[in-house]
Amino acid sequence: MSQEVNAELRSKTQQLLEGPLKHVRAAALAAALLPLASIAAAPASAQTLAPCSGGTCGIVFTDTNSNGIFDFGVDTPIAGITVTACVICNGTDNISVTTDLNGDFQFPALAGLPSAFTLFVVIPTGTQPSPLGPDNIGTSNGAGLSVSPPSGVVLGSASNNFGFVTVKVAQPGTGTPGYWKNHPGAWPVSSITVGSVTYSVAQAIAVLNMTGKDKTVTMFQSLVSAMLNVKIGNDGSCINASIAQGNAWLVTYPVGSNVAGGSQAWAVGNPIQSTLDAYDNGLLCAPHRQ
C-alpha cells in the first residue's frame, strides 16, 4: 500500500512540475511539494532559478547586493520590462514580451524564433547591469551573434536572466519656499501650473511672499516648492502622491479663498501640506540643499 501511495505522489509531483508549477522558483516549488513528497528545500545560497520547460525564458530582477545571483528573499523581480528577441535587429523582425509581476518573461517555442538570435532588454530607469553571475547574463551575447543592440539595452541569449543594480544618483537637494522666492534664476521652468491655474515665475513668487492666515497660501507655498524640488532632479518617489493631492486640494480651494486653520477643509489639507513641508526641508527621500 505504501509503495502505491508513494508512486501516486511521485506521479502528482511530476504533473505539477510539467504543468502549473513549471515556472515556480526552486524555493517556492520545494515548499509547495514538501507535503506531497517530503522534499527538503536547499539553502538559499544553493538555490537556482527554475529552467525553461520550452521556448526561451528568464527573469529580470533587482540584484540588491550586486553578486549576479538571484537571492531569494533579498532580490526583487522587476515587472513591466520589455524583452525583445530578433535576428536582424533593425526593428523589422522584433518579437517582444513583457515581464509579469514575478519579473518572468517567456518566448514560447512556437514564437517563430530561429536557432540563433539576439535577446535584449531595456535597462530599467535608475539602474545599470549588475556583474555577470549564475543568474545574470549581463552584456554577454550567448547567441553567438555580434549585433549592436539599440541604445540602452543589454544582450542576452536563448535562456537568460537579467540582473540590475540601482544606481545612486547625486541629488541637488531640496529648497524651502524661502529659497525659491529668493532665487528666481534657479527656477527650472518659466511658468508653473498649480491647482489647474498657470502662474508665471513672477506671479508664483508673489504668492510665495504672501503672509497671513489663509491656508490656501500655505498649501501653495509648500506645493510649489515641492514641485520645483522634483523638477530640478531630486527623488520624487516619496512625494509625487502628495503633490497630486495638493494640486487637487487647491482645485477645490483656490488660492485666496480664505481657508481657516480650524476649518474642515484644512483638516483635509493639513496632512498633505505637512508632508510637502517635510520634503521641502529634506526630511524625506531627498536631502536638503547644502
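This is a predicted model: local features need pLDDT of at least 70, side-chain atom pairs count only at pLDDT 80 or more; totals for chains, interfaces and linings use all residues.
Trainee: OK, what are the angle and the axis distance for α5 and α7?

Mentor: Helix α5 covers residues 215–231 and helix α7 covers residues 264–280. They pack at about 35°, and their axes are 9 Å apart.

Trainee: Is the crossing left-handed or right-handed?

Mentor: Left-handed, as α5 passes α7.

Trainee: Which residues in α5 and α7 meet?

Mentor: From α5, the list includes K215, M219, L223, A226 and V230. On the α7 side, W266, I272, L276 and Y279 are among them.

Trainee: And how many nonpolar, polar and charged residues does that contact have?

Mentor: Eight nonpolar, six polar and three charged, counting the contact of α5 with α7.

Trainee: Where is S66 found?

Mentor: In the loop between β1 (56–62) and β2 (76–77). S66 is partly exposed there, with a relative accessible area of 30%.

Trainee: Which other residue has a positive phi although it is not a glycine?

Mentor: N258, with a phi of about 55°. N258 lies in the loop between α6 (240–252) and α7.

Trainee: Is N258 buried or exposed?

Mentor: N258 counts as exposed because its relative accessible area is 61%, and the cut-off for exposed is over 50%.

Methods. Residues are numbered from 1 along each chain as its sequence is written. Side-chain values use heavy atoms; hydrogens and water are left out. Axes are lines fitted to C-alpha atoms, for helices over the stretch in contact, and angles run from 0 to 180 degrees between N-to-C directions. Helices (H or I, at least four residues) and strands (E, at least two) are DSSP runs, numbered from the N terminus. A crossing is left-handed if the near helix is turned anticlockwise from the far one by less than a right angle, and right-handed if clockwise. Contact means heavy atoms within 4.5 Å. Ala, Val, Leu, Ile, Met, Phe, Trp, Tyr, Cys and Pro count as nonpolar, Asp, Glu, Lys and Arg as charged, and the others, Gly among them, as polar. Buried means under 20% relative accessible area, exposed over 50%, partly exposed in between (1.4 Å probe, protein chains only).
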